[in-house]
Amino acid sequence: MQLTSDEVLIGRIANGDRLAMQVLYARYHVRVFRFVVRMVRDEAVAEDLISEVFLDVWRQAGRFEGRSTVSTWMLAIARFKALSALRRRLDGELDEETASAIEDPTDDPEIALEKKDKSAMIRKCLVGLSAEHREIIDLVYYHEKSVGEVAEIVGIPENTVKTRMFYARKRLAELLKAAGIERGWP
Amino acid sequence: MNAISKEPERHEIEALLPWHAAGTLSRRDADRVEQALAGDRELARRYDLVREELAETIHLNETLGAPSARAMEKLFAAIDAEEARAPRRQRPFDLGSRVSELLSKLTPRALAWSATAAVAAILVQAAVIAAVMVKEPGIPGGPGLASALSEGSFAVVRFAPQATANDITNFLGAYKATLVEGPLNMGGQLYRIRLSETKLPKDEIGKIVRQMQSESKVVGFIAAKE
C-alpha cells in the first residue's frame, strides 16, 4: 500500500482537514518529540513544545511551498521552539547538566562496568556533547537529513554543516578517550 | 595500501562519511565516497567508526520513548478552539495538488494492465509537471523550478511512465537538478532540466547524464543538451 505523501497531507491540512492533521501527527510526533527532548532535556517541556510545533503546522500549512520536505520544515519549526524554550531557562543550568553527564573521570563501579561496554559508553558520551553538537549528530544520523537539509534547519551554510559535524565527532572522540576508549581518531 | 594521494581531497571525502553512512548523499557523491573507501584502508577504518556512531545514535534516540496522549489532546483542543473562533476558508480548487494526489496513488502494478492506462499515466504526469512549472506571477517557485532558463548545464529528459510525482521530485533533489522547461516542442514528453547553475565540462555532464540514465525507475530517456 502506498502512503499518502506528506505534501498531499499538508494540502489537505491547509483546507482544514483534521483527519489529515491526525495522520501527519501520527507519522511524525515521535521523531519531532525525540529531536526536541534531546535539545531541552525535559520530557514535559518537550511534550508542550510538540503541541506548539504541530499547531504551527496547522496554522501555516497554506503557506507551505514545498521548497523543503515536510519533515525538514517541521524540524526547523521544532528547533526554533526548543531554542526559545531554552532561552527562557536560567543561564548556565544546561551547562552544568551537560558537564555532570560526562566529565567526571572517577571510576566508580558503575563506570567501570560501562567501560566494558563500548556501545553504552558511546551513548553516554553522545549525551554529554554540547547542545550544538548533539543537534547536528541527531539530524545527520537519526533524522537522516542531508547536508542541505541540515543547513536549512539550523540556518548555517552547507560547508559549516560539514565542519560542525566534524568537530562534533572529534569532541565525541575526546570524550571517549577521557573515558578510557581510544579509537585511533582523530 | 592505495590511499588517496591528495590530502585535501581525502579530507573532503572524510567529511562526507557521516552522510554516506546515513544514506543521504547524492548518487554522485556516494560513488565518489565508495571509490575512495575501496582504495584507502585507513579511510575505511574511519568509516567503521562513523557507522559505530550512527548505530549508537539511533539506539540512544530509540530509548527516548514517545510523548503521552496529553500532547495530542492539547494540540487538538487548541485547533478546535481556533476553528471555533475563526473557521478557516477552504482554498480554491487546486488542480495541481489534486492531480499530484491522484498520481501518487498510481503504482506501476496498477498501471501495467493496459497500454491505455500507461498513456493515461503519461498524460497525468505531464499535468503534474506542468502544475509544478506553471506558477502565478510573483509567487516564488516550488521544488525543482528554476528561476533562470538560460544559465548553466542542461539535459533533456523523458520520465519513465511509472515514475510518480514523488519519484521525480526525489530524483531532481538527489541530483540538485531543476526542471526548467517542457514539454518541449520535440514530441515524446521531453523536459529540459538544469544539472548545474554553472557551465560544467562536457565529460562531467556526460558522467552525470550516464548516472541519471541508470535510474530507470524514473528516467526513460536522457541526453545532454547544449
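Is the crossing in which α1(B) passes α2(B) left-handed or right-handed?

A: The crossing in which α1(B) passes α2(B) is left-handed. This is a reading of a predicted model, as is everything that follows.

The two helices belong to chain B, with α1 covering residues 7-22 and α2 covering residues 27-39. Their axes lie 10 Å apart, and the packing angle is about 115 degrees. α1(B) and α2(B) are therefore roughly perpendicular to each other. On the side of α1(B), the contact is made by Ile13(B), Leu16(B), Leu17(B) and His20(B). On the side of α2(B), the contributors are Asp29(B), Ala30(B), Arg32(B), Val33(B) and Ala36(B). Sorted by class, this contact of α1(B) with α2(B) holds 6 nonpolar residues, 1 polar residue and 2 charged residues.

As to where this pair sits, chain B contains 9 helices and 4 strands. Along the sequence, the elements of chain B follow the order α-α-α-α-α-α-α-β-α-β-β-α-β. Chain B has 226 residues, of which 30% count as buried. Taking the contacts in chain B with a separation of 6 or more, 66% are between residues 24 or more positions apart.

The confidence values for chain B belong beside that description. The average pLDDT of chain B is 75, and 67% of the residues score at least 70. In residues 107-116 of chain B the pLDDT falls below 50, and this stretch has 7 contacts in the model beyond near neighbours in sequence. In residues 134-148 of chain B the pLDDT is also below 50, and there the stretch has 24 contacts beyond near neighbours in sequence. For the model as a whole, the scores are ipTM 0.86 and pTM 0.63.

Helix α7 of chain A spans residues 118-128, and helix α10 of chain A spans residues 158-178. Their axes come within 9 Å and cross at roughly 125 degrees. That angle makes α7(A) oblique to α10(A). The crossing of α7(A) and α10(A) is right-handed, whereas α1(B) passes α2(B) in a left-handed crossing. From α7(A), the contact uses Met121(A), Ile122(A), Cys125(A), Leu126(A) and Gly128(A). From α10(A), the contact uses Leu172(A), Leu175(A) and Leu176(A). The classes in the contact of α7(A) with α10(A) are 7 nonpolar, 1 polar and no charged residues.

Chain A itself has 10 helices and 0 strands. From the N terminus on, its elements run α-α-α-α-α-α-α-α-α-α. Of the 186 residues in chain A, 41% are buried. Contacts in chain A between residues at least 6 apart in sequence include 63% that join residues at least 24 apart.

Both chains take part in the contact between A and B, with 45 residues from chain A and 41 residues from chain B. On the side of chain A that touches chain B, at least two residues each come from α1 (6-14), α2 (18-40), α3 (43-60), α7, α8 (131-142) and α10. The largest share of that side, 8 residues, is supplied by α2(A). By class, the side of chain A that touches chain B has 22 nonpolar, 11 polar and 12 charged residues.

In α1(A), 8 of the 9 residues are buried, so α1(A) is largely enclosed by the rest of the structure. The buried residues of α1(A) are Asp6(A), Glu7(A), Val8(A), Leu9(A), Ile10(A), Gly11(A), Ile13(A) and Ala14(A). Just after α1(A), Gly16(A) adopts a positive phi of about 85 degrees. Helix α3 of chain A contains Asp56(A). Asp56(A) has 16 other C-beta atoms within 10 Å and is partly exposed, because a residue counts as buried at 20 or more such atoms and as exposed at 12 or fewer.

Notes:
Residues numbered from 1 in each chain as written. Chains lettered and ligands numbered in written order. Predicted model: local features only at pLDDT ≥ 70, side-chain atom pairs only at ≥ 80, totals over all residues. Axes fitted to C-alpha atoms, helices over the stretch in contact; angles between N-to-C directions. Parallel < 35°, antiparallel > 145°, perpendicular 65-115°, else oblique. Left-handed = near helix turned anticlockwise from the far one by under 90°. Contact = placed C-beta atoms within 7 Å. Nonpolar A, V, L, I, M, F, W, Y, C, P; charged D, E, K, R; others polar. pLDDT = per-residue confidence, 0-100.
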